[in-house]
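Please find below some notes on the model shown here.

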Amino acid sequence: MTEAVEYDVVVLGGGPAGENVVDRTRAAGLSTALVEAELIGGECSYWACVPSKALLRPALARADARRVPGLRAAVAGPLDTAAVLAHRDYWTGDWKDDGQVDWLDSIGAHVYRGHGRLHGERRVDVTGPEGEHHLLAARHAVVVATGTRPLLPELPGLTGARPWTSREATSARHVPPRLAVVGGSVVAAEMATAYTALGSAVTLLVRGAGLLPRMEDFAGELVAESLREAGATVRTGTSVEAVVRDGPTGPVTVVLEGGETVEADELLFATGRTPRTDDIGLETVGLTPGGWIPVDDDCRVRGHGWLYAVGDVNHRALMTHQGKYQARIAGAAIAARAAGGPLLETDRWGAHAATADTDALPQVVFTDPEAASVGLTLAAAERAGHRVRAVDYDLGAVSGAGLYADGYRGRARMVVDLDREVVLGATFVGPAAGELLHAATIAVAGEVPLARLWHAVPAFPTISEVWLRLLEAYRG
């Protein structure tokens with residue numbers, strides 16, 4: 001029997017959430033091991049947030065420049081595809097994780113390359129790339145941070161058609177002449193934006209009534225309108241029934257409900273995510289393989305005093321920045337429990353409660369226009385039983401927006417709790433709208449009274465002057 005190597009903390013999964021747990025536990029003086037089968041840095045660094053934004057930045061910059069007098073003619077031509085892809089490759093480190101590994105070495109963390117599985121309480125078995133085994137033991141905590149993978153539906157012909165998922169879309173070496181995108185959420189909208197700008201004829205097939213269904217309705221409407229103007233085809237209320245590929249490299253035919261077909265050179269399915277928990281030994285500790293892992297607000301797995309789950313696997317908020325936030329919360333809780341200190345700060349906004357996952361969750365969709373939101377939408381606030389009022393404003397009517405771009409189109413919404421007169425949620429849609437979001441996040445997380453926000457004077461002429469206009473509209 002292999003003798004276990006002991007650490008204070010063992011982290012299963014080396015994406016942003018796992019890395020941040022390691023950072024926090026090492027800062028607290030706890031010995032920590034990190035287990036990762038792929039690249040340190042995970043999905044975000046190599047196949048999601050970073051490469052997608054590298055692809056999108058040239059597209060959005062060109063779109064903005066085309067709205068500025070004196071620049072339109074200078075940016076009238078196509079994007080330099082080779083340069084855009086090279087820019088993407090630079091930001092992914094050419095899919096090498098040397099820098100991440102160097103950082104982990106610098107803080108004294110121990111990295112185990114291979115597939116990790118729970119092996120009973122406080123134990124992790126690691127199978128290395130050459131079949132070697134390591135058994136790790138955790139004195140204080142094991143943290144599951146294995147993330148998610150793309151979810152593909154069961155459709156006739158789909159497997160043989162070799163569809164793209166988010167991984168292939170963000171790491172592609174060529175731009176297909178025609179790209180069909182199935183889905184209406186963030187990945188679908190962003191990749192439709194990027195590939196339309198790079199010259200693909202994009203057809204977006206959306207099963208639901210519109211894009212970005214988790215945001216205010218107007219966000220998806222404005223993004224869809226802009227995609228159509230850019231040359232993409234956006235079809236809502238459309239179900240895919242089957243997929244056929246003509247030979248190894250031939251075109252893909254997408255069969256829609258009713259028998260209509262759409263032909264493309266590549267097909268991207270962006271229809272959700274599923275947790276990477278099917279083969280990590282959950283059954284050895286009484287949990288269900290393949291399922292989401294339920295946790296308390298300090299990210300400790302319910303019924304397991306030593307086991308934590310951070311990031312996508314706990315299904316609280318499937319975004320990188322929230323996974324990192326959860327990692328900071330969990331790391332602090334692990335350190336406090338290891339030190340045998342006083343009771344944890346588990347009050348609503350305490351140091352060991354991931355309250356922002358539910359009450360102040362920020363998100364930016366890097367489409368043209370950008371869509372940014374935090375907190376509750378109007379519909380979500382009403383479902384939660386709040387007495388609320390939505391205050392809307394034409395973002396393009398703000399002087400800073402007009403100076404930013406000719407014909408600036410956008411919209412802002414502030415959702416106000418009428419009983420407490422605080423902001424429960426905010427949404428901004430428009431070019432560069434993502435940069436408005438952190439002020440809203442502070443207002444929501446800080447539960448700043450509207451009477452105090454009145455004294456937070458926005459600089460003129462910036463787009464953030466929309467805050468003044470929203471407050472004026474609320475006061476009437």
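1. Strands β20 (residues 411-417) and β21 (residues 422-430) are paired antiparallel over 7 bridges; strands are DSSP runs of E with at least two residues, helices runs of H or I with at least four, both numbered from the N terminus, and pairing requires at least two DSSP bridges between two strands. Within this pair, Arg411 has Val429 of β21 as its bridge partner.

2. The model is predicted: local features need pLDDT of at least 70, side-chain atom pairs count only at pLDDT 80 or more, and totals for chains, interfaces and linings use all residues. Residues are numbered from 1 along each chain as its sequence is written, and side-chain values use heavy atoms, with hydrogens and water left out.

3. Helix α15 (residues 466-475) packs on the sheet and touches β19, β20 and β21, contact being heavy atoms within 4.5 Å. Its direction makes about 130° with that of β19; axes are lines fitted to C-alpha atoms, for helices over the stretch in contact, and angles between N-to-C directions run from 0 to 180 degrees. Helix α13 (residues 437-445) lies across β17, β18 (370-375) and β21, at about 10° to β18.

4. The open sheet has 5 strands in the order β17-β18-β21-β20-β19, with antiparallel pairing. Its edge strands, β17 (362-365) and β19 (388-394), each pair on one side only.

5. Asn314 sits in the loop between β16 (307-309) and α9 (320-338). Asn314 counts as buried because its relative accessibility is 6% (buried: under 20% relative accessible area, 1.4 Å probe, protein chains only). Beyond four places in sequence, Asn314 touches Ile293, Val295, Cys299, Ala309 and Gln326.

Notes: Buried < 20%, exposed > 50% of the residue type's maximum accessible area, 1.4 Å probe, protein only.
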